[in-house]
Amino acid sequence: MRIALFLLLSASLFAQRPNTNYDESKAGTYTLPDLLGSGPWPARRAEILKLYETHVFGRAIAETLPVVATVKATGPNWREVTLSFSGQGKQKAINILIVTPPGAKKPVPVVVCLSFTPIATVLSGNSRWPLDVFAKHGYAVITAHYTDFFADVKDGKPDSILSLLPTDETTNAMSAWAWGMSRMFDYALTQKDLDGKRIAVAGHSRLGKAALWAGATDQRFAAVISNDSGEGGAAISRRIIGEHVADLNKNFPHWFTGNFKGYSQSVNELPVDSHMLLALAAPRPLYVASASEDLWADPLGELLALTEASKVYEVLGVPERTAYHIRPGKHDITAYDWERYLRFLKATLR
Ligand code: GCU
């Protein structure tokens with residue numbers, strides 16, 4: 001594993017709830033669920049995926065929907081495309097933005113990454129979208145405004161893309177966002193200027209959790225990147241530090257499947273932990289990153305989970321395909337992060 005530890009974890013504390021623990025000495029002791037099992041990895045992987053479907057994310061949605069794609073607007077090195085999905089007698093139009101590196105002479109690799117803000121903001125000088133860094137490394141990016149797939153509110157499901165799919169009580173917002181990223185992948189495959197063999201999935205924070213789930217459920221993604229995904233993402237849930245399963249269930253009951261709520265007070269009973277979610281990316285390149293002041297997301301818990309997940313990469317004979325960095329500063333995704341992700345993708349996706 002490649003690790004760049006630039007700063008010791010900052011001691012500055014910020015409270016998201018009165019009893020949140022940020023003291024490493026009180027993070028508790030725990031035993032992680034077994035990762036490797038006793039059989040071959042593909043069989044163990046299938047078991048872990050099933051556990052994640054049942055207890056955390058809900059069913060991995062295999063269905064697609066009929067879709068009509070229309071180019072809505074174009075500009076220098078970008079195009080906006082409307083994907084009109086239909087299902088269950090309803091329609092939903094979602095605009096995606098594709099930004100390509102200037103002057104490319106052959107199909108370029110791609111990062112699929114949802115945006116927290118409307119896609120117009122991606123083009124208008126946005127620190128989370130350093131398009132010059134993508135251009136420098138010859139990478140395209142495909143994004144969409146994440147709320148178009150599922151508005152990020154407690155009662156968002158009836159109006160979400162999930163309402164066009166067969167009824168399923170288990171799916172929720174994370175499922176919808178992950179499904180959306182897979183549909184962005186599908187569209188990329190139809191585009192001659194994009195290289196369908198080198199499409200990575202990435203996400204920041206809650207969208208990092210969704211990106212990990214998309215990478216787990218859709219193995220066509222050639223690489224997986226988690227930026228500050230924290231609890232429910234890369235951070236080990238059993239560590240009592242920063243955000244806790246109980247916080248996720250209380251504040252964001254629409255993100256995960258109903259069964260997940262049963263673990264708010266009994267996280268040690270959860271049959272999975274984040275090292276297993278990360279390992280679902282194997283043997284594909286996997287990058288996890290944290291920010292030093294983002295204690296809510298438990299940077300050390302993210303690194304520990306990746307260290308455990310790396311054992312699968314070792315067993316599979318590809319130990320060089322995991323990477324980690326901790327960036328000085330706050331919860332965010334920045335040019336610094338993207339620079340490292342794109343260098344890693346260039347080194348591992350050939
Ligand atoms: C909240 C939430 C986190 C999430 C973050 C984000 O802080 O508690 O789990 O990752 O929002 O998406 O920015």
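A polar contact of 2.9 Å links the side chain of Gln191 to that of Thr190. Gln191 has another such partner: its side chain also meets the side chain of Tyr187, at 3.1 Å. Where does Gln191 sit? It is in the loop between α4 (173-189) and β7 (194-204). Gln191 is buried, because its relative accessible area is 15% and the cut-off for buried is under 20%. Keep in mind that this model is predicted.

Now move to a strand. Ser226 belongs to β8, which covers residues 223-227. Is Ser226 buried or exposed? Its relative accessibility is 0%, so Ser226 counts as buried. Its side chain makes a polar contact of 2.7 Å with the side chain of Ser229. Ser226 also has contacts beyond its neighbours within four places in sequence. Gly203, Leu212 and Ala234 are among them.

Take Leu212 first. Leu212 is one of the buried residues of α5. This helix runs over residues 206-217. Ten of its twelve residues are buried, so α5 is largely enclosed by the rest of the structure. The buried set includes Lys209 and Trp213, along with Ala210, Ala211, Ala214 and Ala216.

Next comes Tyr341, which is buried in α9. Helix α9 has 14 residues, 335-348. At 1.5 Å a residue they should span 20 Å, and the end C-alpha atoms are 20 Å apart, which agrees. Other buried residues of α9 include Asp337, Trp338, Glu339 and Phe344.

Another strand is worth a look. Val99 lies in β4, residues 90-99. With a relative accessible area of 10%, Val99 is buried. Which residues does Val99 touch, not counting those up to four places away in sequence? They are Asn77, Trp78, Leu123, Leu131, Tyr139, Ala140 and Val141. Val99 can also be compared with Val110. The two are eleven residues apart in sequence, and their C-alpha atoms are 9.4 Å apart in space.

Now look for the gaps. Rolling a probe the size of a water molecule over the atoms shows where empty space is left. How many cavities of 30 Å³ or more does a search of the whole structure find? The search finds two. The largest cavity has a volume of about 70 Å³. Its lining includes Tyr52, Val56, Phe260 and Asp273. By class, that lining has five nonpolar, four polar and one charged residues. The second largest cavity has a volume of about 30 Å³. Arg59, Ile61, Leu162, Leu165, Pro166, Asp168 and Thr171 line the second largest cavity. Here the classes are four nonpolar, one polar and two charged.

The largest pocket has a volume of about 220 Å³. It is lined by 17 residues, and the closest to its centre are Ser205, Arg206, Glu243, Trp296 and His331. By class, the lining of the largest pocket has five nonpolar, five polar and seven charged residues.

How values were computed. Residues numbered from 1 in each chain as written. Predicted model: local features only at pLDDT ≥ 70, side-chain atom pairs only at ≥ 80, totals over all residues. Heavy atoms only, no water. Helix = DSSP H or I, 4+ residues; strand = E, 2+ residues; numbered from the N terminus. Buried < 20%, exposed > 50% of the residue type's maximum accessible area, 1.4 Å probe, protein only. Polar contact = N/O pair within 3.5 Å; in protein donor to acceptor, adjacent residues only side chain to side chain. Contact = heavy atoms within 4.5 Å. 1 Å grid on protein atoms, 1.4 Å probe; cavity = no way out; pocket = protein on both sides within 12 Å on 5 of 7 lines; lining within 4 Å. Points joined across faces, edges and corners; volume = space filled by probe spheres on them. Nonpolar A, V, L, I, M, F, W, Y, C, P; charged D, E, K, R; others polar. Expected span 1.5 Å × (residues − 1).
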